[in-house]
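Me: I have a structure to go through for class. Can you take me through it in plain words?

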Amino acid sequence: MKRLFLLLNLLLITAAINAASWTPDVRAYASAVFSMNTADGSDRLPCRTAFALNLEARPLAVSFSSHRLSSGLRLSITSDSLEYMNTTLLGSDRLSVFIAYEKTFRRLAIGVDAGIGLALVKHQDIMYAFLDSSITLAWQIASCFSLNFRTGFVYYRQRFEIQPGIGACFILPPGDRK
């Protein structure tokens with residue numbers, strides 16, 4: 001009985017590995033950043049506007065038919081906010097680790113991700129931790145290239161950011177199965 005159970009598990013694992021394909025990708029996004037104070041109402045301007053460039057690498061990505069699981073790194077460079085009443089919110093350089101899920105419907109794909117990271121504030125020696133997530137709608141133009149519309153959400157130090165943006169994705173094509 002134990003041998004039969006072991007044999008069935010090995011067959012199931014082999015079938016799952018054969019059905020999966022490794023599909024890493026690289027993504028780049030440009031986005032607007034709307035930062036809001038969540039602590040109290042004492043901020044003179046509760047919403048600050050900045051700009052960001054996000055670069056993602058997803059080397060650990062596995063596809064099963066129309067589903068895709070991945071994990072990777074995201075580098076974000078955020079500008080200082082626009083000046084208002086002689087004040088700005090300083091920008092930061094951020095690095096995060098995330099996991100993601102994507103579901104494909106022919107040429108359209110919907111994806112979500114969640115991660116955690118560290119940021120270094122520009123012009124100061126301050127670091128902080130943050131939580132980030134995003135929702136992505138992708139339109140596949142070619143077999144290895146897609147146009148992505150992304151809305152990111154970042155929470156840190158009593159601030160919440162919404163980052164709507166547009167970007168591109170280059171997907172390594174899966175190898176031929178024989």
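Reply: First a definition: two strands pair if DSSP finds at least two bridges between them. Strands here (E, at least two residues) and helices (H or I, at least four residues) are DSSP runs, numbered from the N terminus. By that rule strand 2 and strand 3 pair in the antiparallel sense, over 12 bridges.

Me: What kind of model is this, and how are residues numbered?

Reply: This is a predicted model, in which local features need pLDDT of at least 70 and side-chain atom pairs count only at pLDDT 80 or more, while totals for chains, interfaces and linings use all residues. Residues are numbered from 1 along each chain as its sequence is written, and side-chain values use heavy atoms, with hydrogens and water left out.

Me: How many bridges join strand 6 to strand 7?

Reply: There are 13, and the two strands run antiparallel. One of the pairs is L118 with A129, its bridge partner in strand 7. Strand 6 and strand 7 form a hairpin with five residues between them, and H123 in the turn has a positive phi of about 70°.

Me: And strand 7 with strand 8?

Reply: Those two pair in the antiparallel sense over 11 bridges. L137 stands opposite F149 in strand 8. Strand 7 and strand 8 also form a hairpin, with two residues between them.

Me: OK, new topic. Which residues make up the largest nonpolar core?

Reply: A nonpolar core is a set of buried Ala, Val, Leu, Ile, Met, Phe, Trp, Tyr and Cys residues joined through side-chain atoms within 4.5 Å. Buried means under 20% relative accessible area, exposed means over 50%, and partly exposed is in between (1.4 Å probe, protein chains only). The largest such core has six residues: A119, V121, Y128, F130, V154 and Y156. Strand 6 (108-121), strand 7 (127-142) and strand 8 (145-156) each supply at least two residues of this core.

Me: What does F130 touch?

Reply: Contact means heavy atoms within 4.5 Å. Leaving aside neighbours within four places in sequence, F130 is in contact with residues including R94, L95, G115, L118, A119, V154 and Y156.

Me: How many salt bridges does the structure hold?

Reply: It holds 11. A salt bridge is a side-chain nitrogen of Lys or Arg within 4 Å of a carboxyl oxygen of Asp or Glu. In one of them R68 pairs with D25, the closest N and O atoms being 2.9 Å apart. R68 lies in strand 4 (residues 67-78) and D25 in strand 2 (residues 25-37), so the pair ties together parts that are 43 residues apart in sequence.

Me: Are R68 and D25 buried or exposed?

Reply: Both are buried.

Me: Where are R150 and E56 in the chain?

Reply: R150 forms a salt bridge with E56, with 3.8 Å between the closest N and O atoms. That pair links distant parts of the chain, since R150 is in strand 8 and E56 in strand 3 (residues 47-64), 94 residues apart. R150 is buried at a relative accessible area of 5%, and E56 is buried at 2%. Both belong to a network of salt bridges that also links R58, R74, D113 and D132.

Me: What does E161 pair with?

Reply: E161 forms a salt bridge with R94, the closest N and O atoms being 2.8 Å apart. E161 is in strand 9 (residues 159-171) and R94 in strand 5 (residues 92-105), 67 residues apart. E161 and R94 are buried.

Me: Last topic, cysteines. How many disulfides are there?

Reply: A disulfide is a pair of cysteine sulfur atoms within 2.5 Å, and by this rule the count comes to zero.
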